[in-house]
Amino acid sequence: MNKRHFIKKAVSGMLAIALVLSMIIAVPAEAKTMKVLYTVKTVDYGINSNGNWYKSGVSTSSYNKKGQNTKHEYVGYDTDGSKNYSYKYTYTYDKKGRTKVDKDFESGKLTSVSKYSYKGRKTVVKQYDGNNKFIGKTVSTSSKNKFVSKYYDAKGNLTGRYESTNSKNKTVGKEYNAKGKLTYKWVSTFKNGKQKKSESTGYNEDGKVNYKSTTTYSYKGKTVTSTSTYKSGSYTNKSVAKYKSDKSGRPIYSWRKEYDSDGKLVSSYTYKYTKFKKGAAKGCVKEQIEYRNGEKYSKSVFTLKQFKVKVN
């Protein structure tokens with residue numbers, strides 16, 4: 001299974017699970033639908049050699065009437081305004097709202113197709129390349145507290161396995177290679193419905209730790225302070241941020257700081273925000289300007305749209 005393809009699937013799956021969980025928590029049991037704000041367009045800017053803004057990338061997402069993502073596209077640009085890269089994902093769904101087919105494109109060229117089939121708690125995803133050649137499949141099963149995916153190549157050989165387990169205050173995910181050796185592990189812990197800690201660990205083929213990333217969260221009202229550390233061999237860095245989220249879920253940072261292996265402050269980030277003044281997105285971030293060590297560093301402009309999403 002293509003690694004980039006797996007990452008996309010894993011991220012999409014985790015985002016979907018997070019959205020479902022947030023809806024379950026936020027909506028009374030008798031509710032049938034809830035209103036959700038989605039970002040349908042993001043325009044990112046960087047600073048060129050003349051100190052002026054240039055458009056570095058545009059991300060757009062489309063949704064159907066049920067609030068399901070049908071297309072996500074990104075176009076990257078060079079400092080001279082020319083397009084340097086693009087990718088696109090498209091999704092179709094069956095009558096029950098389950099993913100039916102998704103397609104991946106890079107720079108306008110079809111690179112892979114995934115076709116889904118379902119039977120009870122079992123899901124089979126068959127993967128094909130851009131020429132419609134079968135390259136492998138993923139077979140997933142789920143129970144109340146456990147999810148398992150097994151990856152196979154075109155010849156039916158097992159190439160890897162992923163599994164996650166859930167309890168009241170902890171979620172654990174593990175990835176294994178074809179030989180059954182642990183290659184990746186992540187753990188998230190919660191308290192009173194709030195995430196307290198997130199850890200991810202990567203392993204070499206000999207089983208030794210390759211890297212470890214840890215983020216802890218503390219809360220004061222609606223304000224969150226996150227502290228992240230990353231360690232790989234002798235290299236270590238640290239990032240601390242203070243933020244709260246608007247009703248679309250976007251973080252509004254007060255500040256963010258990065259430190260090197262010696263604990264020395266390397267970069268200090270501050271932010272300036274413009275918010276929507278009317279409509280469903282009123283109070284949400286419309287534009288974010290990021291400053292690094294007092295100098296303009298990046299800018300993002302967001303377009304939001306509200307959808308009614310069904311809750312079972």
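## Aromatic residues

Tyr74, Tyr85, Tyr87 and Tyr89 form one aromatic cluster in this predicted model. Rings of Phe, Tyr and Trp (its six-membered ring) are paired if their centres lie within 6.5 Å; planes under 30 degrees apart are called stacked, over 60 edge-to-face, and the rest tilted. The structure holds 13 aromatic pairs. In one of them, the ring centres of tyrosine 85 and tyrosine 87 are 6.1 Å apart and the planes meet at 55°, so this pair is tilted. The pair of tyrosine 87 and tyrosine 89 is also tilted, because its planes stand at 35°, with the centres 5.4 Å apart.

How exposed or buried are these residues? Buried means under 20% relative accessible area, exposed means over 50%, and partly exposed lies in between (1.4 Å probe, protein chains only). Tyrosine 85, at 31% relative accessibility, is partly exposed, and tyrosine 87, at 21%, is partly exposed. Tyrosine 89 has 11% and therefore counts as buried.

## Charges over rings

A charge is said to sit over a ring if NZ of Lys or CZ of Arg is within 6 Å of the ring centre and within 35 degrees of the ring normal. Lysine 55 lies over the face of tyrosine 77, 4.8 Å from the ring centre. Likewise, the charged end of lysine 238 is over the ring of tyrosine 259, at 5.9 Å from its centre.

## The chain and its cores

Of its 312 residues, 31% are buried.

A nonpolar core is a set of buried Ala, Val, Leu, Ile, Met, Phe, Trp, Tyr and Cys residues joined through side-chain atoms within 4.5 Å. The largest has eight residues: Leu37, Ile252, Phe276, Ala281, Cys284, Val285, Phe302 and Leu304. A second, separate core has seven residues, including Met34, Tyr38, Val40 and Phe307. In soluble globular proteins, nonpolar side chains tend to be buried together.

## Serine 300

Serine 300 belongs to strand S20 (residues 295-310) and, at 11% relative accessibility, is buried. Its side chain makes a polar contact of 2.6 Å with that of aspartate 44. A polar contact is a pair of N or O atoms within 3.5 Å; within protein, one must be able to donate a hydrogen and the other to accept it, and residues adjacent in sequence count only if both atoms are side-chain atoms.

## Two loops with positive phi

Most residues other than glycine have a negative phi. Serine 107, however, has a positive phi near 50°. This serine is in the loop between strand S5 (99-106) and strand S6 (109-119), and its relative accessibility of 51% makes serine 107 exposed. Glycine 108 is in the loop between S5 and S6 as well, and is exposed at 65%.

Asparagine 192, which is not a glycine, has a positive phi of about 55°. Its loop runs between strand S12 (182-191) and strand S13 (194-203), and asparagine 192 is exposed at 72% relative accessibility. Its C-alpha atom is 9.7 Å from that of lysine 168, 24 residues apart along the chain.

## Basis of the values

Residues are numbered from 1 along each chain as its sequence is written, and side-chain values use heavy atoms, leaving out hydrogens and water. Because the model is predicted, local features need pLDDT of at least 70 and side-chain atom pairs count only at pLDDT 80 or more, while totals for chains, interfaces and linings use all residues.

Key:
Helix = DSSP H or I, 4+ residues; strand = E, 2+ residues; numbered from the N terminus.
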